[in-house]
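Let's take a friendly walk through this protein together, with a few questions along the way.

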Amino acid sequence: MGLQELICFLILFFACFVGLSLENPTNCDEVRKVFQLRQIGPVNSLPESPRTGVDLQVCMSKNLTCCTKKMEERYQVAARRDIQNLLQTSSSSLKFLISRNVAAFQETFEGLMKQTENHTNTLLLESYRNMAAEASAPVGELLTDVGLFILGSELSVDDLVQRFFDALFPLVYNHLINPGLSAIAPGYAECVRSSRRDLVPFGEVPSLLANQIGRSGVQGRLLLQALHLGIEVINTTDHLTFTRECRRALLRMQFCPHCQGLTQSKPCMGYCLNVVRGCLASMAEVDPHWREFVRSLEGLSSRMHGNQDIEQVLLGVHTLVHDAVAHAQKNGPRLSAQVHKVCGHPNRRPAQSVSVQQGGARESIPLKAPLREAVDSLATRRKEFLNSLRLYRTFYGGLADQLCVSELASADGHSCWNGADVVKSYTLRVVGNGIKAQTANPEVKVKGADPVINQIIDKLKHINQLLQGKSIPKYGTLDQIETGSGDAEGRSSGDCDDEDGCGGSGSSEGRRNVLRVSKLSPDSVDDHRRSRPQGEDLETGSSSASSSHRRMTATGVLLALILTSLLTLLSL
């Protein structure tokens with residue numbers, strides 16, 4: 001009987017030993033190793049062995065811990081850095097797609113300007129050789145101004161077209177309507193130029209060209225403006241400022257298990273979704289407006305054809321200029337009489353000096369080499385771009401899901417971290433995406449929308465209305481809508497400290513330097529996983545092979561051997 005009591009005592013003793021070994025790390029070597037490997041901070045002040053964590057504010061536990069308050073602070077910084085790196089990595093392909101096409105569209109516009117200038121100068125040289133060299137300067141100025149307008153300059157299309165025909169009329173008069181042995185004097189040429197709008201020598205061509213460039217140019221200008229806003233949206237969401245509640249939740253999810261020596265554990269899927277959906281609640285509000293943004297770009301592109309397509313309009317400029325000059329030449333006698341009535345008898349320069357000047361100018365018409373052939377047309381580039389952009393229309397809708405599934409959370413069926421312990425599964429309610437859904441979030445308290453995200457949403461609403469061709473009050477250009485600073489928690493509740501970044505210049509600077517992710521296709525998720533550097537993984541190794549499990553296995557084997565020996569003695 002005494003031997004049986006001894007056996008029972010030993011069983012209870014080892015059971016207690018197993019429980020203690022599972023709850024408390026035996027040493028902090030693994031924690032120090034990961035702390036140094038992840039470059040979280042210096043390791044010289046890290047504890048060598050577990051200690052009580054009475055000074056901890058987030059990673060509190062009834063067990064011994066390998067963390068100090070200073071480590072906890074550094075872990076919080078690392079958790080925020082990791083999530084921002086994940087956001088930027090996830091958005092990098094979309095940002096590159098838009099940036100690359102902005103550059104490509106601008107390059108194509110530049111090529112179109114050069115091609116249009118060449119066509120116009122060549123046609124003038126072939127049809128009106130005497131005036132071609134002098135006309136090349138007004139042609140170049142016209143197309144430079146058109147290019148500036150498309151790229152965003154606040155120019156009046158009607159004014160720049162009228163200036164071109166004002167400059168062209170004295171040349172047409174001098175060489176085609178009332179030619180002489182020498183050119184008209186500068187003062188007389190100015191009088192002819194000033195009379196052009198009253199005499200209407202070019203018929204309806206100036207109005208027609210201004211209308212075509214204005215209507216089609218606005219479409220091309222709006223396309224570039226929208227793409228620049230797309231980049232701004234990505235930069236803004238890439239540099240989201242996290243609230244204090246969110247930062248603590250990220251710390252608890254990613255690094256609090258390290259304090260207990262569980263350096264390889266990963267958060268449960270439901271737990272991860274609650275934390276990340278809470279942190280990115282404001283970002284999820286971008287989703288419907290981003291979807292509409294992609295649809296609106298497609299609608300704009302479908303309307304860009306014929307006289308609504310700046311490419312087709314520019315490629316037809318030389319024909320309209322030729323028609324304008326031909327119209328003036330046809331009505332030469334009437335125009336000559338009208339000019340004589342307004343400006344008097346033509347006053348000309350000495351014949352010898354002008355002939356030498358014209359002789360040299362005929363061979364100096366600047367023909368510019370186009371950048372590319374027609375195969376790289378704007379229509380082709382738009383089609384290819386929109387086909388690629390369409391894959392990202394749900395980019396913001398499933399950001400939390402993508403990050404948890406592909407990067408952060410433990411796979412289903414594996415033991416995982418629930419914020420307090422390693423468990424088989426997460427048992428609390430999992431909330432949805434967006435601000436409203438977070439009222440029931442058990443992990444993160446969300447007090448309101450981020451004001452900076454609200455501002456970028458307002459910009460998206462504005463550009464979507466413009467892209468759809470709706471008539472709306474103009475409240476300023478997109479660039480004039482300033483982006484604010486601070487976070488939603490600090491603005492709405494007054495619960496704001498230095499960590500929140502809502503009182504200093506640092507957070508606003510971060511926002512200004514800014515433009516994530518929705519449900520992507522499986523291929524896209526795989527691409528992001530492959531492109532992510534190994535050194536950036538939040539956790540290493542399998543989630544099922546945590547150090548606690550290895551200690552439990554070793555202790556269980558030892559206990560089994562001892563019990564087997566005791567039972568053998570008892571049988572004897």
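Q: How many helices and strands does the protein have?
A: This is a predicted model, where local features need pLDDT of at least 70, side-chain atom pairs count only at pLDDT 80 or more, and totals for chains, interfaces and linings use all residues. Residues are numbered from 1 along each chain as its sequence is written, and side-chain values use heavy atoms, leaving out hydrogens and water. Helices (DSSP runs of H or I, at least four residues) and strands (runs of E, at least two) are numbered from the N terminus. The protein has 23 helices and two strands.

Q: Is Arg 32 buried or exposed?
A: Arg 32 sits in helix α2, residues 29-37. Buried means under 20% relative accessible area and exposed over 50%, with partly exposed in between (1.4 Å probe, protein chains only). At 19% relative accessibility, Arg 32 therefore counts as buried.

Q: Which backbone oxygen lies 2.9 Å from a polar atom of the Arg 32 side chain?
A: Setting aside neighbours within four places in sequence, Arg 32 is in contact (heavy atoms within 4.5 Å) with Val 43, Leu 46, Pro 47 and Glu 48. Its side chain reaches the backbone oxygen of Val 43 at 3.3 Å. At 2.9 Å, the backbone oxygen is that of Leu 46.

Q: Why is helix α18 largely enclosed by the rest of the structure?
A: Helix α18 covers residues 399-408. Among its buried residues are Asp 401, Gln 402 and Glu 407.

Conventions:
Polar contact = N/O pair within 3.5 Å; in protein donor to acceptor, adjacent residues only side chain to side chain.
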